[in-house]
Amino acid sequence: MTSFLPFSDDLSKYQALIDLLPVAIFIKDAESKILLINKACELQWGLSLKKVYGTDASQFFPPEQMEQFLAKDQEVFINAKQVDFEEIIWNSTLEQNRFVHTFKKPLYDKSGKPLYLVGMSVDITERKKAEQRITEMATHDLLTGLPNRALLKDRIEQALEHCRRNQKQVAVLFIDLDHFKVINDSLGHDVGDLLLMEVATRFVSVVRSEDTVVRQGGDEFIILLSNLDNELGAEEVAYKIIDVLILPFLIDGKELNISCSIGISLFPSDGENIWTLLKNSDIAMYHAKKSGRNNFKFFTPEMNRQAKERHIMEVGLRNALKRNELQLYYQPIVNVDGSKMKSMEVLLRWRHPKKGLVCPNKFIRVAEETGMIVPIGEWVLRQSCLQIKAWYQKGYEVPRLAINLSAMQFRQKNLVACIAGILDEIGLGGHCLTLEITESELIENVEETIRTLKQLSALGIEISVDDFGTGYSNLSFLKRYQINTLKIDHSFVRDITTDLDDTAIIHAIIAMAHNLNIYVIAEGVETNKQLAFLVSHGCSSFQGFYFSKPLLAAEIESRMLLAN
Ligand code: C2E
Ligand code: MG
Ligand code: MG
């Protein structure tokens, strides 16, 4: 019992003194009756001394708060020591709760009888709000206000724990918006952000309150469904998610349409822990994208096997460039009697240390999806130019080399500068190159494509439309572009002599190309019969095994002419 009464019984003497202090001060008797409060305390409680004097002020505070105040007062007297703690206190004037940090100390008379309780209390509401905001920011996405990945982790762990005990299932839905990048790039990030917020609201509207909708970043969302009896619950939500996007969004006065692809993994069948479930739902989402978007796919072990293979391919490809495992083959494109080589197509191969020679169909897609096609494509360009230079130096008449450009390369902002740079570096002009691009690349971003093609043409480079006929385009669109050659896709050539539809298509393509003054090459010609048909329909050049397979640089030299 260390404290005893150090001051006069007439507490009101201290009023003026404690009113000077900026923190709330209150003095109560042993029954918690209020004897004195200062100005700062009057403000903090929103009550005047006149109102509360001699009472425990219970009519001014909510009962549950009052109970706590009194319990603390008792604790202070019983334990005979100072306590400090945080509490919530009702302010009657502001009509709101305030967070305060309170100190309470007991005072005793000389005989050790409890006499007064002296309290001090500091308003920490603003600090608490800031702390809450920081926690909110750490666990929520700032744009949509949805929980973020950090919070998702907690929620999944809780869901797994609960469902493990109750033998229920958990579903993780990985959602990626389809072609969101196009909206962001063409209409700007502000519109993109507004759309994401609206999408988030719609997603939340179709799930139960106990489910969690998370924005994982960019245009990716994750929905966690807990307590499921079977996968039907997840399927139902997936349908709802797809349906809820059907109605157009009105953003900034514009009507926007968007769809999404969803991958679903289930606990326990597809994974026992959060990371496996997330990874597998991501893999399933990738399959939903691949099978045409705007749909959902449940994860299967087969998908996992494919994902592993893809990963191995990805790592292998990264090394292929470094370890010099890529190699170029050249296939002649000749006039129909085979007497003149019009050009040569450059075809990439991967000399894999274990698998041997790998054809591009096996790896170009992965290279495109991972962006590796850009450095690989640049390598093909440089290597081809170096080869032309080497052949020049040996005295060959080198026909144009036709190089395949993938869509991603074609859309690189610095494509023209990069090609010009390579030509310049090696000391060649653009007249030694043709670039092969596919129909679908021409249809997207028309204005930009026209500009790029003009710039390439100004360098002397020719443009060839590859795999023509597979892109479902209207033939007349070709008029708008600077195009020199059309390559009829080999799928038409293959059945040319038996399939009447293919025959009609080839006939139409050749006639139209002649009208537009575009040169036509038939791809994949393997037989004399196919060639004869093409000749009879006015096709002047072809490429195919009938004349030559793709060959290595050294092998093809025997087919090239010396310049003099
Ligand atoms: P593509 O540009 O249509 O190339 C023609 C493909 O047809 C080549 O396959 C070629 O070997 C094959 N071919 C040629 N003549 C015949 C024939 O008579 N019969 C049959 N059945 N096939 C024939 P390859 O070399 O496997 O290339 C496949 C595709 O990979 C190419 O199709 C092209 O789109 C892409 N590609 C090849 N090299 C590159 C490259 O350096 N960069 C990019 N981005 N893509 C490339
Ligand atoms: Mg090609
Ligand atoms: Mg082709």
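How many residues does the largest nonpolar core have, and which of them have the most contacts inside it? Before I answer, a word on the source. This is a predicted model, in which local features need pLDDT of at least 70, side-chain atom pairs count only at pLDDT 80 or more, and totals for chains, interfaces and linings use all residues. Residues are numbered from 1 along each chain as its sequence is written, chains are lettered from A and ligands numbered from 1 in the order in which they are written, and side-chain values use heavy atoms, with hydrogens and water left out.

Now the cores. A nonpolar core here is a set of buried Ala, Val, Leu, Ile, Met, Phe, Trp, Tyr and Cys residues joined through side-chain atoms within 4.5 Å. Buried means under 20% relative accessible area, exposed means over 50%, and partly exposed is in between, with a 1.4 Å probe and protein chains only. The largest core has 77 residues, and Trp391, Leu433 and Leu478 have the most contacts inside it. Helix α13, residues 373–394, gives the largest share of this core, 8 residues. Helices (H or I, at least four residues) and strands (E, at least two) are DSSP runs, numbered from the N terminus.

Take Leu478 from that list. Contact means heavy atoms within 4.5 Å. Leaving aside neighbours within four places in sequence, Leu478 is in contact with Leu442, Val465, Phe468, Ile483, Leu486, Met512, Leu516 and Ile518. There is also a second, separate core of 36 residues, which includes Phe221, Ile223, Val237 and Leu245.

Phe221 takes us to a sheet. In β8, Phe221 is the bridge partner of Ile175. Strand β6, residues 169–177, and strand β8, residues 220–228, run antiparallel and are joined by 7 bridges. In general, strands of a sheet pair through backbone hydrogen bonds, either parallel or antiparallel. For this talk, two strands pair if DSSP finds at least two bridges between them.

The sheet is open and has 5 strands in the order β7-β8-β6-β11-β12, with mixed pairing. At the edges are β7 (212–217) and β12 (296–298), each pairing on one side only. From one strand to the next, the twist averages 20°. Helix α6, residues 149–166, lies across β6, β7, β8 and β11 (260–267), and runs at about 20° to β8. For such angles, axes are lines fitted to C-alpha atoms, for helices over the stretch in contact, and the angles run from 0 to 180 degrees between N-to-C directions.

Two backbone details come next. Phe267 and Pro268 are joined by a cis peptide bond, with omega about 5°. Pro268 sits in the loop between β11 and α10 (274–290). Further along, in the loop between α10 and β12, is Arg293. Arg293 has a positive phi of about 65° although it is not a glycine, and is partly exposed at 33% relative accessibility.

Glu345 lies in strand β14 (residues 341–352) and Asn404 in strand β16 (residues 400–404), so the pair ties together parts that are 59 residues apart in sequence. Glu345 is buried at 4% relative accessibility, while Asn404 is partly exposed at 30%.

Asp466 is buried at 7% relative accessibility. Asp467 is partly exposed at 26% and is placed in strand β18, residues 462–468. Asp467 is not a glycine, yet has a positive phi of about 50°.

Last, Gln65, in helix α4, residues 63–79. Gln65 is buried, with a relative accessible area of 8%. The side chains of Gln65 and Asn97 make a polar contact at 2.9 Å. A polar contact is a pair of N or O atoms within 3.5 Å; within protein, one must be able to donate a hydrogen and the other to accept it, and residues adjacent in sequence count only if both atoms are side-chain atoms.
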